[in-house]
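Hi,

Here is the model I promised you, sequence and coordinates together.

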Amino acid sequence: MTDARSTQRGRVLIVAGSDSGGGAGIQADIKAVTALGGYAMTAITALTAQNTLGVEGVVGIEPAFIRQQIAVVLDDLGADAIKTGMLHSAPVIEAVAAELELRGRGIPLVVDPVMVAESGASLLDPTAVGALNRDLLVRATLLTPNLPEAEKLTGMTIADLEAMRQAASMLRTLGAESVLLKGGHLVGDTIHDVLATEAGLEVFTDTRLPARGSHGTGCTLASAVACGLAQGLGLRDAVLRARAYLREAIRTAPGLGRGNGPVNHGH
Ligand code: PLP
């Protein structure tokens, strides 16, 4: 019998927070990776007591224990891509960066710079933006900010597509290898996402879907891209597949809960 471990591709280590409501965070990450045929592993950074109406409580996990989760997973199962989501605080960012320096070199890294939930709850200590820029952005194979996150990271005001192009380029000069800047926060019937890579800028344009829920869309997209990279897709193909997956997940959202409901991973 051959050793299945040696040929397994699509292993994704997710470093992120838990959403008890199952819509965002590691729950969305695991669902997306699993639906796309990958194998999801997790290092949990924080627990949230959360539903579709909002985040009611947050408990952070000790940075040393987060490091331990990453270490034991990489030492045994290994990973073909790593995705980071909610990192909660500067000490967590520093711990994750240190562990990735030790054990994550050469593994594609998707950094979703999660800061504030759509419900308004803070998921990252605002003083930790500097640590994000200094320690994690520079390691990112792909950085996936939404507009408010890109504004915090660049200090720019981003009010139109031209500013999006500039911000995506600037985030590359700040150290991210490539950037997928998501434009869903701009008002309008069309949504632009800007992909900045060493090959240049590419704009993806879609009509806005009438969403019955958009909770967890950022987590889903970043994990879907990480899964594609882990499965050996090129960056652009991984982004295209992830965007198509997310669009269908939004279109078929089950309409759960009384607030901003989850997307559908069962399509
Ligand atoms: N909760 C957790 C644990 C998350 O990681 C995230 C986003 O990354 C959210 C909530 C926010 O989800 P949304 O802004 O889509 O509501």
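Let me start with Ala-140, which has 23 other C-beta atoms within 10 Å and so is buried. Keep in mind for this and everything below that the model is predicted. Ala-140 sits in the loop between helix 5 (129-136) and strand 6 (142-143). Leaving aside residues up to four places away in sequence, Ala-140 touches Leu-109, Val-111, Ala-176 and Glu-177. If you want a distance to check in your viewer, Ala-140 and Ile-250 are 26 Å apart, C-alpha to C-alpha, and 110 residues apart in sequence.

Another loop residue to look at is His-88, between strand 4 (81-84) and helix 4 (90-103). His-88 has a positive phi, near 75°, although the residue is not a glycine. Is His-88 buried or exposed? It counts as buried, because it has 24 C-beta neighbours inside 10 Å.

Now the ligand. There are 20 residues around it, and those that come nearest are Gly-17, Ala-24, Gly-25, Met-86 and Glu-118. Strand 1 has the largest share, with four residues. Sorted by class, the shell holds eleven polar, seven nonpolar and two charged residues.

Gly-25 brings us to helix 2, as it is one of the buried residues there. Helix 2 covers residues 25-35, and nine of its eleven residues are buried, so the helix is mostly covered. Besides Gly-25, the buried residues are Ile-26, Gln-27, Ala-28, Asp-29, Ile-30, Lys-31, Ala-32 and Val-33. What do they pack against? Their partners are strand 1, strand 2, strand 4 and helix 8. After helix 2 comes Gly-37, with a positive phi near 90°.

The crossing is right-handed. Helix 2 brings Gly-25, Ala-28, Asp-29, Ala-32 and Val-33 to this contact, while helix 8 brings Cys-219, Thr-220, Ser-223, Ala-224 and Cys-227. By class, that contact has six nonpolar residues, three polar and one charged.

Helix 8 also packs with helix 9 (residues 235-251), where the axes come within 8 Å and cross at roughly 140°. That angle makes helix 8 oblique to helix 9, since only angles over 145 degrees count as roughly antiparallel. This crossing is right-handed too. On the helix 8 side, the residues involved are Thr-217, Thr-220, Leu-221, Ala-224, Val-225, Gly-228 and Leu-229. They meet Leu-235, Asp-237, Ala-238, Val-239, Arg-241, Ala-242, Tyr-245, Leu-246, Ala-249 and Ile-250 of helix 9. Twelve residues of this contact are nonpolar, three are polar and two are charged.

If you compare the two lists for helix 8, you will find Thr-220 and Ala-224 in both contacts.

Cheers

Note on methods: Residues are numbered from 1 along each chain as its sequence is written. This is a predicted model: local features need pLDDT of at least 70, side-chain atom pairs count only at pLDDT 80 or more; totals for chains, interfaces and linings use all residues. A residue is near a molecule or strand if its C-beta atom, placed from the backbone, lies within 6 Å of it. Ala, Val, Leu, Ile, Met, Phe, Trp, Tyr, Cys and Pro count as nonpolar, Asp, Glu, Lys and Arg as charged, and the others, Gly among them, as polar. A residue is buried if 20 or more other C-beta atoms lie within 10 Å of its own, exposed if 12 or fewer, and partly exposed in between; C-beta atoms are placed from the backbone. Two residues are in contact if their C-beta atoms, placed from the backbone, lie within 7 Å. Axes are lines fitted to C-alpha atoms, for helices over the stretch in contact, and angles run from 0 to 180 degrees between N-to-C directions. Angles under 35 degrees count as roughly parallel, over 145 as roughly antiparallel, 65 to 115 as roughly perpendicular and the rest as oblique. A crossing is left-handed if the near helix is turned anticlockwise from the far one by less than a right angle, and right-handed if clockwise.
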